[in-house]
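Please examine the sequence and the structure shown below.

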Amino acid sequence: DEAFSYASDHEEKEPGDLETMVVEIISGSGMGSGVVYGETENEWIIVTTGHVLDDPNRIYVRFSREAGAEGHCDYLATDSDLVFVTVKKETVTNVALKPVRIEKEAYDHLQSGDYVRIIASYNGVGEDVAEGYVKDVWIYSQDLQEMVIWLDMECFPGMSGGGVFDSGGNFLGVVCAISDAGETAVIPYLTIYAKDLEREKR
């Protein structure tokens, strides 16, 4: 395995609505990105990487330069660098949020060489974009101790937890780390789905 460092810019604004599916997360001295994974009647469900949270008891989720709200650490996975954060809908005003689009067929057909883009929130919500290609679809990383999607592209500080999308805008996973060679590791949607089931079954 490559040696890793956490990704805790290609400065283009993503056209369309993908930026409404990503957020900025501030926790203590930690800062990173997250994606709007789902919703209930009363809450937005955000997923990000666990190492973004410097203090799980102090989470602020920013939805735009002007709007943000307190978040709650709802579920911290024990065997993956994933955390689910909830935000009360009543605290989110004047912002059009959307959960990520999940097409399991698109995820299942992902293959090496496919185009992907990362949307993250280090320089402003949804304003950091990186583009590249899939290198390996499903590979175990000894350093990270979990299965990842391996991307032939470089991401940058603050992009941890950012959303990874295919050319159709379908959600593939979240950024978790970069290698010394400038490649990017992604926690795949399949792992996020499994951990979300664990969260719901508690």
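Two strands are taken to pair if DSSP finds at least two bridges between them. Helices (H or I, at least four residues) and strands (E, at least two) are DSSP runs, numbered from the N terminus. This is a predicted model, in which local features need pLDDT of at least 70, side-chain atom pairs count only at pLDDT 80 or more, and totals for chains, interfaces and linings use all residues. Residues are numbered from 1 along each chain as its sequence is written, and side-chain values use heavy atoms, with hydrogens and water left out.

**Strand E8 and its partners**
- Of the 6 residues in strand E8 (residues 115–120), 5 are buried (under 20% relative accessible area, with exposed over 50% and partly exposed in between; 1.4 Å probe, protein chains only).
- Strand E9 (residues 128–141) pairs with E8 in the antiparallel sense over 6 bridges, and Arg117 stands opposite Glu131 in E9.
- Strand E11 (residues 163–166) also pairs with E8 in the antiparallel sense, over 4 bridges, and Ile119 stands opposite Gly163 in E11.

**Barrel**
- In the order E2-E3-E4-E7-E6-E5, 6 strands close into a barrel with antiparallel pairing.
- Strands E2 (residues 22–27) and E5 (residues 59–62) run antiparallel and are joined by 3 bridges; Glu24 stands opposite Arg62 in E5.

**Helix H2**
- Buried residues in H2 include Tyr189, Thr191, Ile192, Lys195, Asp196 and Arg199.
- These residues lie on the same side of H2 because they cover an arc of only 150 degrees around the axis (taken from the directions from the helix axis to the C-beta atoms).
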